[in-house]
Amino acid sequence: MSAAHAAGSPPAAQAPAVAGRDARSGTLRRAVGCFFLFTGGVHLGMVAADVEVYRHFADGSILPFVRDGWADVFMAHAVLWALLVMAGELAMGLLLLRGGAAAKVGWAGVIAFHVCLMLFGWGFWFWSVPVLVFLVWAARRDWPALGGAAPLRPAAVT
């Protein structure tokens, strides 16, 4: 058993493949982070243009508490809530761009965001399900490169 293998690092022949995967997963993370910064800007534009564009957002929900909550809570103070959605999207994007442990929070946030989006009706499922497949795949691919606790490995036999 080589010293590198005993220490838990990949053999030299596998190192470029692992490094390439880490680079690609980082690229995916940065792309998702930039997308969320962009969508945060879209919310700012919608608030600036006409906040009434949000009025019918929850009409397709099959859950009455979602429809009623949207009409009674969100639309009662639509500018505030839309800006909070914008701030959340910006925060998730920045967390993903930051990398490390912050990116783990960002990945959890963007996945939770899309799960919650599905509450607004079947039409959102057409967007959210494929996006969730991609996000979960990308997060799982990126997660090991983000640091944290080292995986459990058997002790090296000397």
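What share of the 158 residues in the protein is buried? Buried residues make up 30% of them, where buried means under 20% relative accessible area, exposed means over 50%, and partly exposed covers the range in between (1.4 Å probe, protein chains only). The model is a predicted one, in which local features need pLDDT of at least 70 and side-chain atom pairs count only at pLDDT 80 or more, while totals for chains, interfaces and linings use all residues. Residues are numbered from 1 along each chain as its sequence is written, and side-chain values use heavy atoms, with hydrogens and water left out.

The protein has six helices and zero strands. Helices (H or I, at least four residues) and strands (E, at least two) are DSSP runs numbered from the N terminus. Along the sequence, the pattern reads α-α-α-α-α-α. Of the contacts in the protein with a separation of 6 or more, 66% are accounted for by residues 24 or more positions apart; contact means heavy atoms within 4.5 Å.

Two helix pairs were examined. Axes are lines fitted to C-alpha atoms, for helices over the stretch in contact, and angles run from 0 to 180 degrees between N-to-C directions. The axes of helix α4 (residues 78-98) and helix α5 come within 7 Å and cross at roughly 140 degrees. That angle makes α4 oblique to α5. Angles under 35 degrees count as roughly parallel, over 145 as roughly antiparallel, 65 to 115 as roughly perpendicular, and the rest as oblique. The crossing of α4 and α5 is left-handed, a term used if the near helix is turned anticlockwise from the far one by less than a right angle, with right-handed used if the turn is clockwise. On the α4 side the contact is made by Glu89, Met92, Leu95, Leu96 and Arg98, and on the α5 side by Gly100, Ala102, Ala103, Val105, Gly106, Trp107, Gly109, Val110 and Phe113. By class, these residues comprise nine nonpolar, three polar and two charged.

Helix α5 contributes Trp107, Val110, Ile111, His114, Val115 and Leu117 to the contact, and helix α6 contributes Phe124, Trp127, Ser128, Val131, Leu132, Leu135, Val136, Ala138, Ala139 and Asp142. The residues of this contact divide into 13 nonpolar, two polar and one charged.

Side chains of opposite charge can pair when their charged atoms come close. A salt bridge is taken as a side-chain nitrogen of Lys or Arg within 4 Å of a carboxyl oxygen of Asp or Glu, and by this rule the count comes to two. In one of them, the side chains of Asp142 and Arg29 meet with an N to O distance of 2.7 Å. Asp142 lies in helix α6 and Arg29 in helix α2 (residues 15-49), so the pair ties together parts that are 113 residues apart in sequence. Both Asp142 and Arg29 are buried, Arg29 having a relative accessibility of 10%. Residues up to four places away in sequence not being counted, Arg29 touches Leu96, Leu97, Gly99, Ala103, Trp107, Asp142 and Leu146. Glu52 forms a salt bridge with Arg55, the closest N and O atoms being 2.7 Å apart. Glu52 is partly exposed at 38% relative accessibility, and Arg55 is partly exposed with a relative accessible area of 34%.

Two residues of helix α4 were considered individually. Leu97 lies in α4 and counts as partly exposed at 31% relative accessibility. Beyond residues up to four places away in sequence, Leu97 touches Arg29, Arg30, Gly33, Cys34 and Leu37. Leu97 and Leu37 are 60 residues apart in sequence, with a C-alpha to C-alpha distance of 9.8 Å. Gly93, also found in helix α4, is buried, with a relative accessible area of 0%. Neighbours within four places in sequence aside, Gly93 is in contact with Gly33, Phe36 and Leu37. Gly93 and Cys34 are 59 residues apart in sequence and 6.1 Å apart in space, C-alpha to C-alpha.

Note on methods:
Ala, Val, Leu, Ile, Met, Phe, Trp, Tyr, Cys and Pro count as nonpolar, Asp, Glu, Lys and Arg as charged, and the others, Gly among them, as polar.
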